[in-house]
Amino acid sequence: MVNSFTFGQYIPGNSLVHSLDPRTKLFCVVIMMTAVLAVNTFIGVMITALFTGIFLVLTRVPVTIYLRGMRPLIILVVITAAFQLFLIPGEVLWRWWVFSITDNGIKMAALMSYRLFMVFVLAQLLTVTTSPLQLTDGLERILRPLARVGFPAHELAMIMTIALRFIPVFFEEGSKIILAQVSRGADFQGGWLKSARNLVAIMVPLFVRAFRRADDLALAMESRCYTGGEGRTRLHEIAMSRMDYLVMAATAALVPFIIVFRN
Amino acid sequence: MIEVSGVSFCYPGLESPVLHDINLEIKPGEFLALLGRNGSGKSTFTRLLNGLLVPTDGDVIVDGYNTRDGSHRLRIRQLVGLLFSNPDNQLVAGIVEEDVAFGPENLGLPPAEIRERVEWALSAVGMQDYLKHPPHMLSGGQKQRIAIAGVLALEPSYMVLDEPTSMLDPRGREEVLRTLMDLNREQGTAIIMVTHFVEEAAAADRVVILDHGRVVAMGSPLEVLTRTDDLSDWGLEAPEMVLLCHELRKRGYTRIPMALDSRRVAGAIKQFSCKD
Ligand SMILES: Nc1ncnc2c1ncn2[C@@H]1O[C@H](COP(=O)(O)OP(=O)(O)OP(=O)(O)O)[C@@H](O)[C@H]1O
Ligand SMILES: [Mg+2]
């Protein structure tokens, strides 16, 4: 169950991209996603594609990994493209029954597929090269200035860390509950009403146990001197290096190009 | 030293207290086993020792700090590590080293010292090769050893364990017990272990038995665990070796010594291979 979950899974490595500060990567990915969503000319597409391509090569992660992660999302891309293809008005090139394809339709279908595809690739670029823990650390540091006005930056990061830690635990527990019920004669085939009832039978014990766990975990964390984010240090303090600033500057330099090449 | 004097405890909203007038001194470096039937108040007692709960009456004083005094809370939590029975519910982070680092991080130590403590604590429990592993890929016994390392990284003088082996298979139980005994011997960490396996208590320096919230017996394992009739009154089973010795004595081998260690009993049986 856990292993089928491969979109954007972290692949440890020592590449340049891996060693960048998570904040740098968040910044770059946000800029690049915006750029990808903003471009609408051929040159703009080429520039963003080239830029993303360079990043991908620098991660030293085989392209097949990214493609494998994309597999479940291809359908989404295809459907979006189909909508664009048939629904955008313009000069009709081909017609059959109620369907017609226009020149604008083709252009928009290509552009939207490109945008969606690239957004997923960029999201993977981030999560494949950054461990969940670094990612939450990065988010915490970015949000820290907001903590002064009462935004729970540390708490949010801690919640994410704990959620990530417990996902496999819940998967394991869920499969155990299913097995226990199957071994007592539960039937997991059948109509949607039955499936819904089965789901309740799994979710209820899962939730009850989750609350028990939460109680225990709170006691364990308190016992280990946890008092919130104040005064806490980290085993791996994240730190910006010269390379981080360089990469950020290079990415920021993309912005004027995108503006220029937006017709 | 942890001084527990005249401690009673009542959960808010409950009529009758869960613990009555407990008096106990826990010395640095000792290995104390705490036994008692379900609901006798063992878990409640462990939570009083590190100040998670504060006594309704009486005082718990840890190396001079009263748990009543909120300003020493962190110091007390650092001195008295508390470990729970389910390893899954006390590991915080998705990577072993990050989890062990959690305590020292909370103390605000510099990263270099955190790293040192993490490596030391993991090698003290024999898990130094698993720094980068996610805990959900480990066995129950290994997870519990990681949890022990997580507490150990705070460098506590006392380690309180609430049924640390109850969720584990026999191999995991053995692993964890051996780890605790090594810690006690090599690092001099005092161990206060709640258990309902009398066999595990036999390894301790001292045994305390709780029943209905009162201390009903205290002494060396040999003194306490051989009182078979009392043990059954307290809802506990006597160790197999004790039962064997009793049975042999009843059958006329009156000079068989009482022992908890199977090897000693075997040796004695060999010597008395004919009736005297
Ligand atoms: N949070 C709580 N609120 C109210 N009552 C509680 C709470 N926790 C425990 N109790 C009650 O206090 C009594 C002692 O519980 P405690 O958990 O200390 O016993 P225990 O010896 O650890 O038992 P076990 O062997 O089952 O773990 C029980 O009667 C229990 O119902
Ligand atoms: Mg208990």
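User: Buried means under 20% relative accessible area, exposed over 50%, and partly exposed in between (1.4 Å probe, protein chains only). What is the relative accessible area of B:Thr189, and is the residue buried or exposed?

Analyst: This is a predicted model, in which local features need pLDDT of at least 70 and side-chain atom pairs count only at pLDDT 80 or more, while totals for chains, interfaces and linings use all residues. Residues are numbered from 1 along each chain as written, chains are lettered from A and ligands numbered from 1 in written order, and side-chain values use heavy atoms, without hydrogens or water. B:Thr189 sits in the loop between helix H6 (170-187) and strand S8 (190-194) of chain B; helices (H or I, at least four residues) and strands (E, at least two) are DSSP runs numbered from the N terminus. Its relative accessible area is 5%, so B:Thr189 is buried.

User: Leaving aside neighbours within four places in sequence, which residues are in contact with B:Thr189?

Analyst: Contact means heavy atoms within 4.5 Å. Beyond its sequence neighbours, B:Thr189 touches B:Gly29, B:Pro156, B:Ser157, B:Tyr158, B:Met159, B:Leu183 and B:Asn184.

User: Is B:His212 buried or exposed?

Analyst: B:His212 lies in the loop between strand S9 (206-211) and strand S10 (214-219) of chain B. Its phi is near 45°, a positive value in a residue other than glycine. With a relative accessible area of 56%, B:His212 is exposed.

User: What is phi of B:Glu155 near?

Analyst: B:Glu155 is in the loop between helix H5 (140-152) and strand S7 (158-162) of chain B. Its relative accessibility is 40%, so B:Glu155 counts as partly exposed. B:Glu155 is not glycine, yet its phi is positive, near 55°.

User: How much area do chain B and chain A bury between them?

Analyst: The contact involves 36 residues of chain B and 28 residues of chain A. Buried area is the accessible area (1.4 Å probe) that two parts lose on being put together, summed over both. Carbon and sulfur atoms carry 56% of it, and the total is about 2900 Å².

User: How many salt bridges are there between chain B and chain A?

Analyst: A salt bridge needs a side-chain nitrogen of Lys or Arg within 4 Å of a carboxyl oxygen of Asp or Glu. A:Arg224 and B:Asp99 form one, with their closest N and O atoms 3.3 Å apart. The count between the two chains is six.

User: Which helix gives the most residues to the side of chain B that touches chain A?

Analyst: Across the interface, 16 residue pairs are in polar contact, both at pLDDT 80 or more. Helix H2 (73-79), helix H3 (96-107) and helix H4 (111-124) of chain B each supply at least two residues of the side that touches chain A. The most, 11 residues, comes from H3(B).

User: Which backbone nitrogen does the side chain of A:Ser15 reach?

Analyst: A:Ser15 is in the segment before helix H1 (16-19) of chain A and is buried at 6% relative accessible area. A polar contact is a pair of N or O atoms within 3.5 Å; within protein, one must be able to donate a hydrogen and the other to accept it, and residues adjacent in sequence count only if both atoms are side-chain atoms. A polar side-chain atom of A:Ser15 lies 3.4 Å from the backbone oxygen of A:Leu58. The backbone nitrogen, reached at 3.3 Å, is that of A:Val17.
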